[in-house]
Amino acid sequence: MMKKMFFLYNAHAGKGQICGKLNSIIDMFTKSGYLVTAYPTQCALDGYDKVCGADGLYDIIVCSGGDGTLNEVISAIMTHRSKKPPVGYIPAGSTNDFAATLGISRNMQRAAGQIAKGVPFACDIGRMNGRHFNYVTAFGLFTDVSYKTPQNMKNMLGHQAYLFESLKSFSKIKGYRLKIYCNDMEISGSYIYGMVSNSFSVGGMKGIAGRDVLLDDGLFEVTLVKEPVTPHELQQVVAGIFSKSQNSPMVERFRTSRIVVESEESVAWTVDGENADEHQRVEISVVKSAVEIVVDSSQLERISSK
């Protein structure tokens, strides 16, 4: 008996490449023993709604789109009451940080082949004030770049579009007075940027979250950037984020399974590059090994703690 696959895709992600490759991808899945139901998402959160309604109906859920599309699918699977099906991902966005971390090919047919022949990997998932995220939640400088960058600019320039939009943010550096509770310690100060992540790269920048990242260890990486007051401190911020040593008194890094962030004013947050509203109190936790994502077996040693 053929296994049932629900394949939803965002036809507008990236440069719409998926549209010219649908036949070959679906044919590959069919030859691999799947009965495929394909669905093009129509608007924001459409993928979330459709996967929520597919609880218990499919053996695997496959999606194609950017990080936002994958976030919708995994967030919906986290609501399933029956056994959660594994997720296959064919990246089609401009940056695709999480796909790169998982070792998923940017070539769509190869990514489909990895799904057809791959193995399920039980990946940690984050939860921020009840909202799930795949690999990053963040606030402050640069965090609004992804959803403020026009889609046509992303399509034309790719990762360069993010860099171009980011340059505009330098003139708007703003610090937030925060209290942070984590790992039996309390931290307070003024910060221009913070993120809790589970990825080798964020915003297309590799290594920004630190080294030795594992995706199933029950811990996420925390990166906090203090507000620079002098030009020298600004140089220390840049060194702490972008240099190979990453040593800087202006950048704090640690790992945790739970963190609470409180602020004197409302702070805008993002999850997986999408707007997540403003909050004065944020509680972030890790749901260990929550969702199985299909990866090439050759990637397991690199991303797994086992």
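Reply: Packing inside the chain

L102 is in contact (heavy atoms within 4.5 Å) with F121, L215, I293, V295, Q299, R302 and I303, if neighbours within four places in sequence are left aside. The model is predicted, and local features need pLDDT of at least 70, side-chain atom pairs count only at pLDDT 80 or more, while totals for chains, interfaces and linings use all residues. Residues are numbered from 1 along each chain as its sequence is written, and side-chain values use heavy atoms, with hydrogens and water left out.

L102 is among the residues with the most contacts inside the largest nonpolar core, together with F7, F29, I90 and V291. A nonpolar core is a set of buried Ala, Val, Leu, Ile, Met, Phe, Trp, Tyr and Cys residues joined through side-chain atoms within 4.5 Å. Buried means under 20% relative accessible area, exposed over 50%, and partly exposed in between, with a 1.4 Å probe and protein chains only. This largest core has 63 residues, and strand β15 gives the most to it, with six residues. A second, separate core has 23 residues, including F139, L224, A276 and V282.

Helices (H or I, at least four residues) and strands (E, at least two) are DSSP runs, numbered from the N terminus. Helix α1 covers residues 22-31. Which residues of α1 are buried? They are L22, I25 and F29. Seen down the axis of α1, the buried residues fall within an arc of 75 degrees, so they line one face of the helix; the arc is that of the directions from the helix axis to the C-beta atoms. The face turned away from the buried side of α1 carries the exposed residues N23 and K31.

The buried residues of α1 pack against strands β1, β2 (34-40), β3 (60-65) and β4 (87-91), and also against helix α5 (108-117). Just after α1, G33 takes a positive phi of about 100 degrees.

F29 also takes part in an aromatic pair. Rings of Phe, Tyr and Trp (its six-membered ring) pair if their centres lie within 6.5 Å; planes under 30 degrees apart count as stacked, over 60 as edge-to-face and the rest as tilted. By this rule there are seven aromatic pairs. The ring centres of F7 and F29 are 6.0 Å apart and the planes are at 80 degrees, so this pair is edge-to-face. The pair links distant parts of the chain, F7 being in strand β1 (residues 3-9) and F29 in helix α1, 22 residues apart.

Not counting residues up to four places away in sequence, M5 touches F29, Y34, L35, V36, T37, Y58, I60 and V62. M5 and P85 are 80 residues apart along the chain, and their C-alpha atoms are separated by 9.7 Å.

Charged pairs

A salt bridge is a side-chain nitrogen of Lys or Arg within 4 Å of a carboxyl oxygen of Asp or Glu. The structure holds eight salt bridges. One of them joins the side chains of K31 and D27, at 2.7 Å from N to O. K31 and D27 are four residues apart in α1, which means they are separated by about one helical turn. K31 is exposed, at a relative accessible area of 65%, whereas D27 is partly exposed, at 36%.

Another salt bridge joins R258 and E283, with the closest N and O atoms 3.1 Å apart. R258 is in strand β14 (residues 258-271) and E283 in strand β15 (residues 274-295), so this pair too links distant parts of the chain, 25 residues apart. R258 is partly exposed at 41% relative accessibility, and E283 is partly exposed at 29%.

The side chains of R281 and E262 also meet in a salt bridge, at 3.5 Å from N to O. R281 lies in β15 and E262 in β14, so the pair ties together parts that are 19 residues apart in sequence. R281 is partly exposed at 42%, as is E262 at 29%. R258, E262, R281 and E283 are linked in a network of salt bridges.

Cysteines

A disulfide is a pair of cysteine sulfur atoms within 2.5 Å, and the structure holds zero of them. C63 is buried, with a relative accessible area of 0%, and C182 is buried, at 4%.
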